[in-house]
Structure formats: C-alpha cells, structure tokens
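Please open the model in your viewer and keep the selection panel at hand.

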Amino acid sequence: MIIKKIQIENFLCYYGLNTFQFEDGLNIILGENNEGKTKFYEAVDWLFNGINNDLENLVSAKKLKEIALEDSFKVSSSLTVEQYNNEYKISRSFTVHKSNNNEIEISNFIFEGQETDSTTGQRIPINGQVLLDRIFPFQIRKYSMFKGETELNVFENEEALANLINLFSDARHLEKYTEKGVFLREKAENAVDQSTKLNQKNQKAYNILESEISQLEKEKERLRIHINSTEEEKTKLEKNIKEAEKYVDNAEALQTINKRIKNIEEKISSLNSKIDESFTTSLFDENWILVNFESFHKEFAEKITGHSKTRRELQSAFDKQKGILEGEKRAKAELLNNAIPLPNNVPSKAVMEEMLDDEICKVCNREAKRGSEPYEFMMKRLKTYLESQVIEDREKDKDEPLFKFDYTYRLDNLTISHEDNLKNLRLIRSKIKDLFEFNDNRKKDVEELKEELEKEIKEREKIIGNARIANEDKLLSIFKNYTAWQEDFRGLNKEFFNLEAKQNEILKQLKLKKEEKDNIDLNSANSFYLKTRDILRNIETIFKETKEKKFDEFIDKLESKSNKYLSQINVEAFTGEIKFTKKKFSGDRIKIDVSLFESGGRYFMPGTAVRTSLNISILLAISELANEVRDETYPMIFDAPTSSFGETKTGDFLNLIYETSNQKIILLKDFIGSYKNPDGSVKELFIKDEFNSIKRKKAFWVKLERPFDKKDLSTINTEVNPL
Amino acid sequence: MARKDDILKSFLTHELLESKYMLRNEELPTTVREALNSDIPIVKAIALIIEGLEKSPSATDYELRTSILQFLNSAI
C-alpha cells in the first residue's frame, strides 16, 4: 500500500484545500515548531481514528472568520492510496455553518470510502471504516504512526512486542494449527477412552485412574494459575528492581550528599545561633552604653570635688559665725560679773519710750539728752527689747544647720562608686571588640559553609539530573523501596520454586497415571483408536513446536536486523547490542524483553538518542521483516522521531531510511534556518543547504503565511510548499 | 509456492517425522496436493488439516474432526 495523496481542507491551521502528493520511499515534511507539522499528523490521525466529538475545535479560524453569515464550508482530511494497482480514497469530513448570530453549527459528519476499478475506472463508494480496515488493518496501523520520540517505545510492554512478532512472523499462520492440534488430540483421546470403557474387565481401575487424572489436572490448573500470578508479580518486581538499579547508584550518592548537606546546614545553624547581635541587651544590661563614660565621669568628679570644697568652705564660715555669736554671749555674761541680767522688758517698752521722749532716765533720775550716752543706752535697751520680741525665730535659726540636706555627701559617694566601677567600664571596649571579632569570624565561617552548601546542592542537582528523574522524592523513594523489593523478590522466587516443584511433582504423577491409563488402553481399546491417538499426539507436538520455531526464527532475524539498523543509525558511536529475550510463561504465554548489552554481556541504560535509535531500529527491522513475510507493504508516518539526534545524525538517519523499502513520511523541524530582526524576532526562514544532500523521494516545507498576528488565530494559515 | 505448501513444508521438516517415523526429507511431498495422495498416514493427516484450515471458508471443527479421525481410523 502506498499513500499517493493526503488532502487537508480547512482543518486547524490548514486553510483552504492543501494537497500533499507522496511517492513510494522516503517523503520528508519540514517545518518549524508550531507551523503545521503536528497538525498534519493530527489530520491523518483524525482521518483514521476521529470521532464525531468536539468537531468545532478542528475548524480553521481563518476560514471561519472569512465566510459570511449563513454561509457553510467543508472541513476534511482525505487519503488516496494505491494497493494492488487499485486506487482507494478514504475521507472524513463535516460541514460548518456560520449562523446569523455568529455561532457555528456542525453537520454532515461523514467517513466515506471510494474504490476506483483499475480496468473500468468506475468509482464505487464503500463505508470508510470497512475500506480502511481492509486496506490498512488496525493491527498494522497501530505500529505505523508515531508521534514524537516517546511513542516509538511500543516495546515497553513485553507482550506488545510478542503480539507484534506474532503478527508479522510466519508463526501467525500457525496459531490456528496449534489450537486444532489440541482439539483433534483430545477427540482422539476421547475415542480411546470410550473404546476402553467398553471392556468391563478394567472399568473400575480405569474409572479410578480417570478420577485421579482429573483431580491431578485440576491441581495442575490451580498451580498454573498460581504460578502465573507469582510470575506476574515477579516480573513487576523485577522490572521495578531493574528500574531502581538504574538509579540506585545515583540514589545512594543522593542520600550521601543529603547527609552532607544536612551536616553543613546544622553547622550553619549552630554558628548562626552563636552569633550574638542582641545589641539592645548589651547596650543596657551589660552597660555597653557606658563605653565612653570615663570622660564624663572625670568632668563630673571634678565638678563634685569643687562643689564639695565650696560646701565645706561655706560650712566652715557658718561654723565660725556660729562660734562668734556664742563668744559674744559668753562675753556679756562675764560683764555682769556673771550676775543674772535684768529681763529685757524692764522697764517696759512704754516706759522706755516715755523716758526717751522726755530725755530723762527715770530709773536713775538723770537727764539723758538726745545723743548722750544715757540716751543711747536707753535706745539700745529698747532695741534689745524689740529684738527680744522675735527671739523665738532667732533661737530657731541658732540650731538650724547651714545645709538642711547633705546631697554633696551623696554626690561624693556616687563619684567614688563610679570611680570603683571605672575598672569594669574600661573592659567594655575590649568586650565589644572581642564580640565583633567573634561574630565576624563566625560569619566568615557561615559564608564558607554556605559556599560549600551551594556546591553540594549543585552536586545534588547533577545527581538528580543524571538519574533522569526530575523528582528527588521519587529517586529517594526508589532507593528506599529497592531493598524491600529485593527482599520481596527473594520471597517470591522461593515461592515460585516451591510451586514449580509442586507442579513438577503433579506432572510426574500425571505422567505415571496417564501411562497406567495408556497401558489399560493398550490392552482394552481398539488398536486403530490407539494408533490414531498416537499420530494426533505427534501432530499436536509438530504443530506446537513448529510455531515456536517460526517465532524464534523471527526473533533471531529481528534481533539481527535491528542491530544492523542500530549500527547504521549510530555510525562511529557506541550503542551496545540489542538482545531479544524470550520469556515463556505457564500456559504458553510468551513475553519478549528488549535490552541493550555491552560486549561483556552487561546490561546498560542508554541515553535518549540511543534509546530512540533502538526503537527506530526495531520498527524498521519489523517493517522490513513484515515486507518479507507478507505480500504487502505499509507506510509509516513519524512526527519528529529524532528530536534528540541533532542535524548531522538526523541526516545520516534519513539517508539510511531512504535505503529501506516501504513508504515513510517523516515530519522534521531540522534543516530550517532563520534570518533574525535586530530585536531577535524571526525575519525570514530558509531551508539550509545541508538538506540538498539528503536523499528523498519527495519533500515539503510547511510554513505559516506571513505576516500573521501571533495573538489572532484567524490570521494563521499553513502553506504547503513542495521542495 | 502457495502459503499452504509453505506451511506443509514447515511441519514436515520437524525432526519427529524422522526420529519416530523414519521418514527422510527427500521422500516427503512438497505440496499439499501431493501430501493428500501420500500413503503415509501422518503426512496425509497433516495435509488434510492444512487443506481444511486454508480453504475458504475454513472447515468447521466438526468437519475437521470427522475427516481426520475417519481417515486415520480407517488408514491404520
């Protein structure tokens, strides 16, 4: 089968009718990202598998904007193929109507086929699905279209590969023979049983044997189911362990580095806790605020000393004055010959004033003229009396101290106290210096540790990156589970061996019982039944083993061809060798494990590019083998299958693909260069000269019509340019 | 070579035919048509099965069982 033409009409970015004319062999479609490559793939995928759902999402926005209200247009994807000289067309389409209120209505969803008779040229309509399944069977389509590198890995599922091999190898023709072989043998066995039972002589023993065999068969079946489920579990665990082994070194390294990181973080935290920057406390509780107090203290002390001296001088003067008054008092007493003086009020004030007015001393009856000694005496006496009237105050003043409160003493004491404390205050400066030095050193240590931490974190990122697991938790969880899985695997293995031992024992017993039964048959059944049974037993063996042989031959060929492609795709690069390992399970189930091995027989985990090469190699090998064993070839469509390759390797890959037999359509973003505007935006795209050296039958360049508004979908139109 | 002849060939090259039936490769038929005329019961039985399964529509289980068992029971 060859795809002659694919037409895409008003489908997403494909505005109007776009035609791709293909040829047998290699067809390449180039396109920058987001310019229509994947939409081409999606159009073909929609043609094959589309359903009548969300169709409005497939409509070209440009076409929709362009048409008038109440107008309609068609959205379609169609394929024209040639097979056995006949031409077929398969088309999936629907109609879009733009209503008056600017809404869209979808109708006429059609999947139709059409066959053109090669001789008459007559076109015959056929149901699209029926025609598609006839010319391009589902099982083959499944392994013909691949989007991106990850989808190439159809062999992750071991059974998928076994099914694929069954599909393409000669073994597929023999499957029905193994079934019929079993069926005929069973019928022949029944005929023998019936014949034996006709002989009454051995009937009892025969019945017992049949019952025992039936019992053993049931037990065998029970064990088979148990063994199968144990095997399933073992396979899952084995896969997990194998998967974990890829990461175990990284996980171990990660755990070590996490410990180191934790240690560093603890050190940093400890150092940070030692750094004391609680300066408010230090300032007030530890008197740092007094670091410059000494000069103030000096000034204060000088002032207090001066003040104290002044006070003492005042006190001394006061005390002297007090002493003089006391002296006068004593002198008066001596003048009166120590006789007791008259009271001050004798004569009375009135008498004294009268005598002064009269200028006569009426006590001694003498004249006392103004200014004379007696007059002055009387005057003095009056004054003394008058003064005596305030005697209480004067008496009071007499005991009053000069300073009522002795603050000077307290100030003196404060000075002395400060003086004593000066020794401690002088230490503050060095304390501050020490603390700042200590803090600075710790901060330096913290900085160094942080640098170390940063390095360790980078190292950790590297480890996680190398493990190709984005999630650190997942990596650690794999490591955590690794030991548990190994333990479980050992347990399952033990259980498996026990079950197998039991099964072998049952099979041994069954063999013995069947031999016993055969012996009875030999003596009781008709000989031709026995001979027929023996021949059909042999035919069953021949059918079963021939099928297995064909399957194994196909695997050997597939392995050899896959390795041929692997080395061709990776010229001068290390790839290892692909090994297909057949695993046979109870109940004749088969799985195929694909791995890469180094020459020493060691399994290794390839990088993305080698993994992609591995998958493509197997697909190409299957395709080549399919062509050999089938009388028909089928196209393969790959969307960006070699993203991890790089342009040179992609070029080598394409030249290799060119040499392979069946039709391939490959969508790539390689070989496209661009001229840039000063602001870095793309001015113009061009096809690089390197593409000229790529062998191909047909090539297209899908690119957006320019200019377009990147925010307006209705300006988007992919143009198809044949190269 | 028709597919059914290929299938026949793949069965007749099984070692059991030589080890158990002493049949050498060169004395074995190469086509189903020849095999259907063979005097060797196992060879003819295999040919009958192939003929039954490869014709269109293929033989039912009943037809297959009847033809094979009847042939073998009478031929040996």
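**Confidence.** Begin by colouring by pLDDT, since this is a predicted model. Chain B averages a pLDDT of 90, and 99% of its residues score at least 70. Within chain B, select H4(B), where confidence is highest at a mean of 94, and then H5(B), where it is lowest at 89. For the complex, the predictor gives an ipTM of 0.97 and a pTM of 0.58.

**The contact between chains A and B.** Next, display both chains: 22 residues of chain A are in contact with 21 residues of chain B. On the chain B side, select helices H1 (3-12), H2 (15-21), H4 (41-54) and H5 (61-75), each of which gives two or more residues to the side touching chain A. H5(B) provides the largest share of that side, with 7 residues. Colouring this side of chain B by class will show 14 nonpolar, 3 polar and 4 charged residues.

**Strand S3 of chain A.** Now select residues 26-30 of chain A, which form strand S3; 5 of its 5 residues are buried. Show the side chains: Leu26(A), Ile28(A) and Leu30(A) point one way, while Asn27(A) and Ile29(A) point the other way.

In S17(A), Ala699(A) stands opposite Ile28(A).

Terms used. Residues are numbered from 1 along each chain as its sequence is written. Chains are lettered from A and ligands numbered from 1 in the order in which they are written. This is a predicted model: local features need pLDDT of at least 70, side-chain atom pairs count only at pLDDT 80 or more; totals for chains, interfaces and linings use all residues. Two residues are in contact if their C-beta atoms, placed from the backbone, lie within 7 Å. Helices (H or I, at least four residues) and strands (E, at least two) are DSSP runs, numbered from the N terminus. Ala, Val, Leu, Ile, Met, Phe, Trp, Tyr, Cys and Pro count as nonpolar, Asp, Glu, Lys and Arg as charged, and the others, Gly among them, as polar. pLDDT is the predictor's confidence in each residue, from 0 to 100. A residue is buried if 20 or more other C-beta atoms lie within 10 Å of its own, exposed if 12 or fewer, and partly exposed in between; C-beta atoms are placed from the backbone. Two strands pair if DSSP finds at least two bridges between them.
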